[in-house]
Amino acid sequence: MFVDEVKIYARAGHGGKGAVAFHREAFVPKGGPSGGNGGRGGDVILEADHDLNNLIAQFFNPRLVAADGQAGMGKGMDGKAGKDLVVKVPCGTLVWRLAQPAPEPEEPAARPEPSPAALQLATGRRPVMRTAGTARAAEVNLAAEQTTGADRARAKGELVCDLTRHGQRFVLCQGGRGGLGNRNFATARRQTPRFAQPGEPGTNEGEYLLELRIVADVGLVGYPNAGKSTLLAAISKARPKIAPYPFTTLTPQIGIVEYPDWKRLTVCDVPGLIAGAHRNVGLGHAFLRHIQRCTSLVLLLDMAGTDNRAPWDDYHSLLEELARFDPALLERPRHVVANKMDEPQSEANLRTFKRKIRKTPVLPIAAAFDEGVDRFKQLIRASVEEAAAGGGAAA
């Protein structure tokens, strides 16, 4: 089970209340105040861990509540501080603070709708009836409008933190301070205070959205059944499910590419995109967000046209989906790779592609038979190293 987005509730520990107590022992009939202070509440801390690859732990435990501080005690004993709650999340996790829904204003009493006959008599025109079908069509058209990355961010709420490095920590909710015992309020005029402070509540309590964006060097982008999983299995030891039908891959897959000089690259196989992915058609947003951190992109095309699609049309469609989802993706280094060159129609389609798409280098490979795989590995290595030298790491 792969979970890359989950909503949680987080609350820090409340501080313990201070104690109201007085010193009592033999031969001291009127001892002074001795109430101890309350303990501090525990913090809720998020820690990035590269050994995790999804948010399944938070999916089954969405309530993150730290321990409260212990109340103060007599004889000047302070309460024990609450234990911090450290929650490990995978590297690449974004934390969004969800906006609290505003209370709905009271609506005035609805006025009765005039009948169609009365409306026609008053206006002299026949009213247009709005059916359920037209209302549904309007909703679909509204949902089909293009949304930008800023619009999606505003819909999620406020970005709190972005955990990308192993061991990076962020205090999501800070525990409240413990209350002071009555011994802290004794003065020359008020020698026996009979009150103490209550503990303070924790800060930043509320609902949050954890969103995982996989951190990888190279992202494989393409239509379903283009051979991305086959290529990933050919260049790494990853073993994703491979089958001759679309949407075999339903979750992002990560592979480690190793070189003879011990150089290593991480490659992310993104599930196949379809037209309208930028509008979240076919879970487009859930797939596209995983390539936002990739240093280099690879557009993998089915040059054989197995699913009766022209490769040049796929190329234009992929660029359009990337641009509409996040224009910054087009500024990343990208390479076009023509797969399935072992098919009879591939050579003719490749010549047509080069004629239609000029000034775009194409690397022909046949991942199922390891043809051109070594050249592909050197290509992505050079691209990542060049981007690293130029400071072009993905945000």
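**A tour of the sheet, one loop and the cysteines**

Select strand 5 (residues 93–97) and strand 8 (residues 206–212): the two run antiparallel and are joined by 5 bridges. Keep in mind that this is a predicted model. Within that pair, pick Arg97 and look across to strand 8, where its bridge partner is Tyr208.

Now widen the selection to the sheet around this pair. The sheet is open and has 5 strands in the order 3-1-8-5-6, with mixed pairing. Its edges are strand 3 (63–65) and strand 6 (158–163), each of which pairs on one side only. Viewed along the sheet, neighbouring strands are turned against each other by 25° on average, with direction ignored.

Next, go to the loop between strand 2 (44–49) and helix 1 (56–60) and select Asn54, which lies there. Is Asn54 buried or exposed? Asn54 has 12% relative accessibility, so it counts as buried, the cut-off being under 20%. One is the side chain of Asn53, with a polar contact at 2.9 Å. The other is the backbone nitrogen of Ile56, which the Asn54 side chain reaches at 2.8 Å.

Finish with the cysteines. How many disulfides does the structure hold? The count is 0. Select Cys268 to see one such case: Cys268 is in no disulfide, and the nearest cysteine sulfur, that of Cys294, is 5.4 Å away. A disulfide requires the two sulfur atoms to be within 2.5 Å. Cys268 counts as buried because its relative accessibility is 0%. Last, select Cys173, which also counts as buried, at 0% relative accessibility.

Terms used: Residues numbered from 1 in each chain as written. Predicted model: local features only at pLDDT ≥ 70, side-chain atom pairs only at ≥ 80, totals over all residues. Heavy atoms only, no water. Pairing = 2+ DSSP bridges. Helix = DSSP H or I, 4+ residues; strand = E, 2+ residues; numbered from the N terminus. Axes fitted to C-alpha atoms, helices over the stretch in contact; angles between N-to-C directions. Buried < 20%, exposed > 50% of the residue type's maximum accessible area, 1.4 Å probe, protein only. Polar contact = N/O pair within 3.5 Å; in protein donor to acceptor, adjacent residues only side chain to side chain.
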